[in-house]
Amino acid sequence: MSSRLSATFDRLKSEGRKAFIAYIMASDPSPEASFEALRGLPQAGVDVIELGLPFTDPMADGPAIQAAGQRALAAGATTASTLEMARRFRAENDATPIVLMGYFNPIYSYGVDKFVADAAEAGIDGLIIVDIPPEEDPELGPAARAAGLDLIRLATPTSDAKRLPKILEGASGFLYYVSITGITGSAEADAAQVGPAVARIKAATDLPVCVGFGVKTPESAAEISKIADGVVVGSAIVAMLGEGRPVDDVLDFVKRLADGAHGTSPA
Amino acid sequence: MVETPQGAQPNSYCSGPDEQGRFGKFGGRFVAETLMPLILDLEREYERAKHEPEFAAEMQDLWTHYVGRPSPLYFAPRLTEHLGGAKIYLKRDELNHTGAHKINNVLGQILLARRMGKTRIIAETGAGQHGVATATVCARFGLKCIVYMGATDVERQKPNVFRMQLLGAEVVPVRAGRATLKDAMNEALRDWVANVRDTFYCIGTVAGPHPYPAMVRDFQSIIGRETKEQMQAAEGRLPDSLVACIGGGSNAMGLFYPFLDDRTVRIIGVEAGGHGVDDRMEHAASLNGGRPGVLHGNRTYLLQDADGQILEGHSISAGLDYPGIGPEHSWLHDIGRVEYVSATDKEALDAFQMCSRLEGIIPALEPSHALAYVAKLAPTLPNDHLLVMNMCGRGDKDIFTVAEALGEEIVA
C-alpha cells in the first residue's frame with residue numbers, strides 16, 4: 001500500500017474517525033478553478049482526494065460527472081494536464097493522498113508503463129479504473145503495483161460470496177463499495193442495505209471499506225460513516241462546480257459533508 | 001488461442017475467442033464490476049444453450065417461419081454484365097422480416113433472455129434497424145422493450161422511431177455526449193448497471209464485452225453457412241471472394257466466419273470512408289483510420305484523438321457511423337486474413353443508384369458501401385470469378401437521406 005494512503009487510514013483509525021473522500025474532475029470547470037478547489041479540499045476536511053481523469057465516454061457515470069468530463073475536455077484537459085495538476089498540488093501538500101479515478105482508454109493511449117511512472121512521480125497514490133475488473137487486472141495491475149500505486153477495487157451489490165474473493169485478490173489501498181446498482185449520483189444509498197454488505201466485506205478483508213456512488217448530503221454522509229471506514233461524495237460536489245458556484249461556496253459544502261462523515265456536524 | 005505475432009498464422013481462424021474473450025490481443029471484458037457477474041452468467045448460459053438441440057431447433061423454426069430464411073443467393077446478371085468481370089451474387093439478407101440481417105442475432109439473444117428469466121430487454125440503435133428488430137422480437141414474445149437512440153438519430157430516422165413505437169417499444173432519446181450511436185450504447189450500459197436483476201442487454205453488433213462478439217457472430221453465421229451451401233448448389237464450388245460492409249461488423253462477420261479456414265476465398269470488408277479517410281477524421285473507418293483502444297467493454301481499433309478521447313466519425317449511413325469495430329475484425333485485420341478497404345459517401349450513393357436501376361433492388365446505404373467496392377473490384381477479375389456480396393439491408397429507410405444528398409425534395 002502506498003505510504004500516504006496507509007498513513008491516512010492508520011491515523012484515522014487511531015483517532016477513531018472515518019475517512020471523508022471527495023471527488024472532483026480535473027480541469028472542471030476550468031484548470032484554474034479546478035486547482036483552487038483541489039488545493040482547498042484538505043483544509044475543508046477531506047482525508048483522501050479522488051481526482052477524475054476526463055474521458056469522453058464515462059459509461060458508469062451519471063449526468064453530473066458526464067457533464068464535468070465534457071466541461072474539462074472543452075477546457076483543454078489532457079491526461080498530461082491532469083498529472084500536472086496533481087504534481088502542483090503535491091508541491092504544497094505532501095500528506096493528503098490522491099487517487100486518480102477514470103477509464104482505461106486514456107491510460108492505454110498514454111502508454112501504461114509511462115503512465116504509472118509519471119503518475120507515481122506526480123505524487124498520485126492510487127488508481128480506480130472503472131473498466132478494469134479483476135479479469136482485466138493484467139492490463140494495469142502489475143505495472144501499477146510495480147510503480148507503487150494502489151489499485152483500488154470496486155465491490156458492488158452484485159458481488160456475491162463467490163465473486164468477492166476474486167475482487168479482493170490483488171486489491172490494495174482501500175476497497176470501494178458501490179452502494180447502489182446504478183451510475184454515480186443516481187439513487188440514494190440505503191444504510192439499511194449498505195450496512196450488512198459492508199459487514200460482509202469487512203469479514204473478508206483487512207482493507208478499509210469506503211462507500212460511494214449514492215451519497216449526496218451531510219446527513220447521508222453521517223449515516224454511512226457509522227457503518228463504513230469512509231464515505232465518498234462526488235456528483236453533489238461536481239454539480240455545484242458545474243453550476244458555476246464560487247470555489248469557496250463549494251468548499252463550504254465540502255466542509256459540511258466532511259463534518260457529517262467525521263461525526264462533528266454542529267447539532 | 002495465443003497471441004499471434006504479425007505474419008505468423010494460426011492453425012484455424014475459427015478457434016477464437018480464448019478463455020479471456022480475446023481474439024489475439026483484441027476483445028476482453030472491460031466493464032464495470034457491477035456488470036461482471038452478469039456477463040459471466042450470460043457466457044455460461046450461452047455455452048449451455050449452444051450445445052442443446054432444443055435451442056437450435058427453436059431458432060431454426062423461427063428463422064424459417066418468422067424471418068423467412070434461408071435468404072436467397074441471387075445471381076445479379078445486369079450488375080455482372082455492367083461491371084464486366086466477376087460473376088456477382090448477392091446474398092439477399094435484406095429480404096428478412098424487418099428488412100435487414102439484424103433479426104438473425106436478435107432472435108438468438110431473446111431466446112437466451114427467456115431462458116435466463118429476464119423480462120425487460122434493452123438495446124441501443126443507430127439508424128434504428130437493430131432497434132426495430134429488437135422491438136419486433138420483443139412484441140413476438142411479449143417482453144418489455146426499451147431502445148436507446150441518440151437524440152440526433154431520433155431526429156434523422158423518424159420512420160424507424162415510429163415503427164418501434166408501433167411495435168410497443170419505448171424509444172429513449174439520448175442527449176448525453178454527442179447524442180449518437182456510441183452515446184446510446186453508453187446509456188444502455190448505464191441502464192443495465194441500474195437494472196441488473198430483470199434486464200437483458202441485446203447488443204446489435206459483434207462488439208461489447210465477451211461473450212457478445214462471439215455470440216453475435218455465431219447467430220449471424222447463418223448467413224455464411226447458407227451462402228456456402230447455396231453456392232455449392234449453384235456452381236458446385238466455393239466462391240472466390242466475399243465482400244461485406246462494416247460498421248460494428250456483424251453482417252460481415254456472419255458472412256465471413258464460415259469461410260475463414262477456406263484459404264482460397266479472398267475476404268474483403270468495406271468500411272465507411274465518409275468524406276475520405278484522412279486527418280480530418282470525417283469518416284467511420286476504424287481499421288483504416290484509427291488505432292487500438294478500449295471502449296464499450298472491448299479492445300479494438302477506435303477513432304480517437306492523440307489523448308485517447310473517442311471521436312465521433314462520420315458516414316452518410318447512420319448504421320456504419322460508429323467509432324469502433326468488432327474485436328474479431330481487428331484481429332483478422334492485424335493477421336491479414338481479411339482485407340479491409342473503404343468506400344466514401346459519394347461512392348456509396350452512386351452504387352445505391354446503380355443497384356436500384358440495374359437490379360430492381362434498392363439497397364440500404366450500408367451495403368451500398370460494399371457494392372461501391374464491388375464496382376471497383378469486379379471489372380479487374382475474370383468472368384469465372386465467383387463474387388458474393390452481402391446485401392444486408394434494404395434501402396426503404398434511406399430514401400430521405402438519399403433524396404437530400406441528391407438535391408431532391410420528397411415529403412414523408
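What we have is a predicted model, where local features need pLDDT of at least 70, side-chain atom pairs count only at pLDDT 80 or more, and totals for chains, interfaces and linings use all residues. Residues are numbered from 1 along each chain as its sequence is written, chains are lettered from A and ligands numbered from 1 in the order in which they are written, and side-chain values use heavy atoms, with hydrogens and water left out.

Let's start with the interface. Here 38 residues of chain A are in contact with 41 residues of chain B, contact being heavy atoms within 4.5 Å. How many salt bridges does the rule find across the interface of chain A and chain B? There are 5, and the rule asks for a side-chain nitrogen of Lys or Arg within 4 Å of a carboxyl oxygen of Asp or Glu. You can look for the salt bridge between Arg163(A) and Glu33(B), at 2.7 Å from N to O.

Now the helices, which are DSSP runs (H or I, at least four residues) numbered from the N terminus. On the side of chain A that touches chain B, two or more residues come from each of α3 (63-74) and α5 (104-110) of chain A. The largest share, 5 residues, belongs to α5(A).

Finally, look inside chain A. The axes of α4 (residues 79-92) and α6 (residues 112-121) of chain A come within 9 Å and cross at roughly 25°; axes are lines fitted to C-alpha atoms, for helices over the stretch in contact, and angles run from 0 to 180 degrees between N-to-C directions. So α4(A) and α6(A) are roughly parallel, the word for angles under 35 degrees. Thr79(A), Leu83(A) and Arg87(A) of α4(A) make the contact with Phe115(A), Asp118(A), Ala119(A) and Glu121(A) of α6(A).

Definitions and conventions: Angles under 35 degrees count as roughly parallel, over 145 as roughly antiparallel, 65 to 115 as roughly perpendicular and the rest as oblique.
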